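Here are some notes for your review.

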Amino acid sequence: MKFKIITSLFLIFIWEITTPQSIARVENIKIQSQIMNQEREILVYTPIDYDWRTNEYFNVMYVFDSQNRELFDYTTSIISFLTDNSNSSFIVIGVTSPYNEKLDYARNNDLLPVLSSNESKNRYGKYSGNFDYFSEFVSDEVKKYVDKNYRTLNNNIAIGHSLSASFIIRSMFSKPNLYSSYIAISPNFAYEDEMLRKEIIDFDYSKIGKSTFIYLSNANEGVDYWQEWKPAREKVYSFFRDSLKKDNLTVKIDSFPNYNHWNTFPPSLKSALKHYFNTIQKKQESELSKEKYEVTIRLKVKNKNDKVYIAGNQQNLGDWNPNKVEMKKTSDLEREIVLKIKSPAVGFPKNRTVNNSNLLTLNSNCHHEKQQI
């Protein structure tokens, strides 16, 4: 299980700006999937200054159907317009499901389970049935690759549109705590005799062990079989609004009747993320785990006589008392402390000899059971 400790380090530095202007970056990564027996491609967006904010860790958004680059690019672009806080920067992963002509394999293979009804078979043909493999690919190969190669935290957001919105909701049942938020834009609840609608109602929501946000939206879908979608959608909406009452589950539902199935993505995502940033994010990041984890924090000081105290949001961090928990001197210019604390831990080590020289503030998010800073 991941552990994170969020710190603000107040240290004295003589700062010379020698680094060139940084820009946000998008990488195309190819993964040879053992689960899918295919080479698959993902997109990885890292926010501006990711390379030199080396002590900072980031939450992750997973955008499905990113073979439609518009969905991925809109997501990476809108984040900064909805918050003026650089600490809300995210890594964004584009999970793609392009058509593979050689394998005659399409996105619906990824997103749909095995279909048995004649109506569903006629609708989707042979392009279905790989939901379980694709779900394992995302959790066991994509996510593990991202966590290994990037500085990630564990409040992950899944974003999907249409059948990929259906996919992320259904993935909650097999892996309830893989994501902490689900943004499902114009999902289809009606396929296979309303299979997904039935699974939503029958699911044991006690399996969700952390604060979770579900966002659902619909448009004037503009597809020829929209009337098949609507009854299942209304039953799902009614269930979330009227029947399901869970303290750790927040559900927001939007309707955009002036938009069609495709162009509802921008207003839906904007509404979902505004609600997330204003209401959900702080709540999710402030919840403490039941378990305690041992962490090691090390830092360097400028003067051998400096004393450094750590203060934070729980008892072992001094309950924000800046003079209570002193870091141990391990060498002239290094201080260390070993603590058992709950996740997430929010605090700062403070140099008690700080004067009004160049003051540098760093925000770092460390998510391993033992982290050295």
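The points below take the helix pairs in turn, then the cores.

1. The model is predicted, and side-chain atom pairs count only at pLDDT 80 or more.

2. Start with helix α5 (residues 163-174) and helix α6 (residues 191-202). Their axes come within 10 Å and cross at roughly 45 degrees. The crossing of α5 and α6 is left-handed.

3. Which residues in α5 meet α6? They are L163, S166, I169, R170 and F173. On the α6 side, the partners are Y191, M195, L196, E199 and I200. The contact of α5 with α6 divides into seven nonpolar residues, one polar and two charged.

4. Next, α6 against helix α7 (residues 226-243). Here the axes lie 9 Å apart, and the packing angle is about 10 degrees. An angle under 35 degrees counts as roughly parallel, so α6 is roughly parallel to α7.

5. From α6, the contact with α7 uses E194, R197, I200 and I201. From α7 come P231, A232, K235, V236, F239 and F240. Seven of the residues in this contact are nonpolar, three are charged and none is polar.

6. Now the cores. The largest nonpolar core has 58 residues. Those with the most contacts inside it are F64, I93, I169, I200, Y205, L216 and F240. Beyond its neighbours within four places in sequence, I169 is in contact with Y182, A184, L196, I200, I214 and L216. Another core, of 25 residues, lies apart from the largest one; F90, F213, F256 and Y276 are among its members.

Technical notes. Residues numbered from 1 in each chain as written. Predicted model: local features only at pLDDT ≥ 70, side-chain atom pairs only at ≥ 80, totals over all residues. Heavy atoms only, no water. Axes fitted to C-alpha atoms, helices over the stretch in contact; angles between N-to-C directions. Helix = DSSP H or I, 4+ residues; strand = E, 2+ residues; numbered from the N terminus. Left-handed = near helix turned anticlockwise from the far one by under 90°. Contact = heavy atoms within 4.5 Å. Nonpolar A, V, L, I, M, F, W, Y, C, P; charged D, E, K, R; others polar. Core = buried A, V, L, I, M, F, W, Y, C linked by side-chain atoms within 4.5 Å. Buried < 20%, exposed > 50% of the residue type's maximum accessible area, 1.4 Å probe, protein only. Parallel < 35°, antiparallel > 145°, perpendicular 65-115°, else oblique.
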